[in-house]
Amino acid sequence: LDLMEFRHGGHGAPTKSEPMKPEEHVEEEGRKHEADNQSEGARKKKILIMMSDTGGGHRASANSLKAALHMIMPEDKLQVKIVDVLEDYTLWFSNRLYNWWVAYPHVWANIFHHTKRTSEKLDRSGGYAGGTTAKILEPTVRSGYRRCLAEEGPDLVVSVHPIMQVIPLEHFMPQDRSKKIPFVTCVTDLGEAHPWWFNVSVDKVFVPTEEMHETALKCGMREDQVHVVGLPLRQGFWHLDGGEDAKQAKRRKLGLEEERVILAIGGGEGMGKLEEVAKSLGKHLAESNRKSRLVVVCGRNEKLRLRLERHTWPSGCELEKLSEEKEKPRDAGGDEASGDLQEEEGQEKRGEEGARVKVRVVGFLDNVEEYMLASDVIVSKAG
């Protein structure tokens, strides 16, 4: 699993004369794909990172790992590819389905706890790790996983999602150690981890905390399989200067030069009670005599961003109009448009009177580390 192995030849599978099993067919197809695509000289080794865009954290972790791997070995020596298996290779519209589920917390809680309970009743001797629900869904996605592995032909598979282990390990990954493609899991949850993360057939699992290390052992994993290494860190956080001078420089760059800066963020999808939190923060900050800046990061939650832009902020607050946002169209016509215009005019009048709190509402940020560094307080969700 060490990248040094990749530099010196890495994994190779012996030739086979006997009839191929289904998982061997995947391996054979992968080698054919590699041969078709290799250039003169030694073929670049390939790491396949399997994920699903259910929330922003899994892709962010995948991108962090990719950046770190290319720091160790450059792109002309190592290929790292990130694949959303469910969206790209199956009929499941998992990302949109997940966004619907989490919009109804009781629905998502029932799904999480039901699948967790069924998983905890499994035989942990090394067989199927996924539970009743996963077995029901398995036929709808199995062929997609097979195509993905056959087309990509990886030398190493890295999973950053709890549902990426079960099917490939059970059906398509050769069990013979001399032929097996190394498979590792990087757990991207910080708090409670679902049992689906901990499949006993993986080579290694990397976890963020000692508590999760104990969870992995309770799920049947061996001590030598589990490594506590923390969470993958976005490249923008690798070399941050946390000093006061750097903080003030970031504030000037971002236009956040108030006495104090509060950042409210709900992850890449703008989840949780971010709207209630933002409105409450605005109210309490407006009651203070200190000049403040409230930055609300809505992520990909466009509806939330529009609602907060149209919200009538309390006296003492002024909504900042970003230049790129002014050109965005608003719903036209009827009483709603008239009401929106009146709200905007009211907020502009309060701004002219001298607001103590300026409110900036933004969508998804590629430079969130800069906003974090520039802030005095960060209000966020657990994950």
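Predicted model: local features only at pLDDT ≥ 70, side-chain atom pairs only at ≥ 80, totals over all residues.
Residues are numbered from 1 along each chain as its sequence is written, and side-chain values use heavy atoms, with hydrogens and water left out.

**Whole chain.** Colour by secondary structure. There are 16 helices and 11 strands. Helices (H or I, at least four residues) and strands (E, at least two) are DSSP runs, numbered from the N terminus. Now colour by burial. Of the 383 residues, 45% are buried; that means under 20% relative accessible area, with exposed over 50% and partly exposed in between (1.4 Å probe, protein chains only). Contacts here are heavy atoms within 4.5 Å. Among contacts between residues at least 6 apart in sequence, 70% join residues at least 24 apart.

**First sheet.** Select the six strands ordered β2-β1-β3-β4-β5-β6. They form an open sheet with parallel pairing. Two strands pair if DSSP finds at least two bridges between them. At the edges sit β2 (78-84) and β6 (226-228), each pairing on one side only. Neighbouring strands are turned by 20 degrees against each other on average, direction ignored.

Zoom to β4 (residues 183-186). Three bridges join β4 to β5, and three join β3 to β4. Thr185 stands opposite Val205 in β5. Val157 stands opposite Phe183 in β4. In a regular strand, side chains alternate between the two faces of the sheet. Show the side chains of β4: Phe183 and Thr185 point one way, Val184 and Cys186 the other, and all are buried.

Axes are lines fitted to C-alpha atoms, for helices over the stretch in contact, and angles run from 0 to 180 degrees between N-to-C directions.

**Cores.** A nonpolar core is a set of buried Ala, Val, Leu, Ile, Met, Phe, Trp, Tyr and Cys residues joined through side-chain atoms within 4.5 Å. Which members of the largest core touch the most other members? Select Val85, Phe198 and Met221, out of 27 residues. Elements giving two or more residues to this core are β1 (45-51), α4 (85-89), α8 (142-152), β5 (204-207) and α10 (210-218). Centre on Val85. Not counting residues up to four places away in sequence, Val85 touches Met50, Met51, Thr90, Tyr145, Cys148 and Met164. Then select Leu274, Leu304, Val357 and Val361: a second, separate core of 17 residues includes them.

Select β9-β10-β8-β7-β11, an open sheet of five strands with parallel pairing. β9 (317-319) and β11 (377-379) each have a single partner strand, so one side of each is left without a neighbour in the sheet. The twist averages 20 degrees from one strand to the next. Pick β8 (residues 292-297) and β10 (residues 357-362): six bridges pair them in the parallel sense. Arg293 stands opposite Lys358 in β10. Helix α13 (residues 302-310) packs on this sheet, touching β8, β9 and β10.
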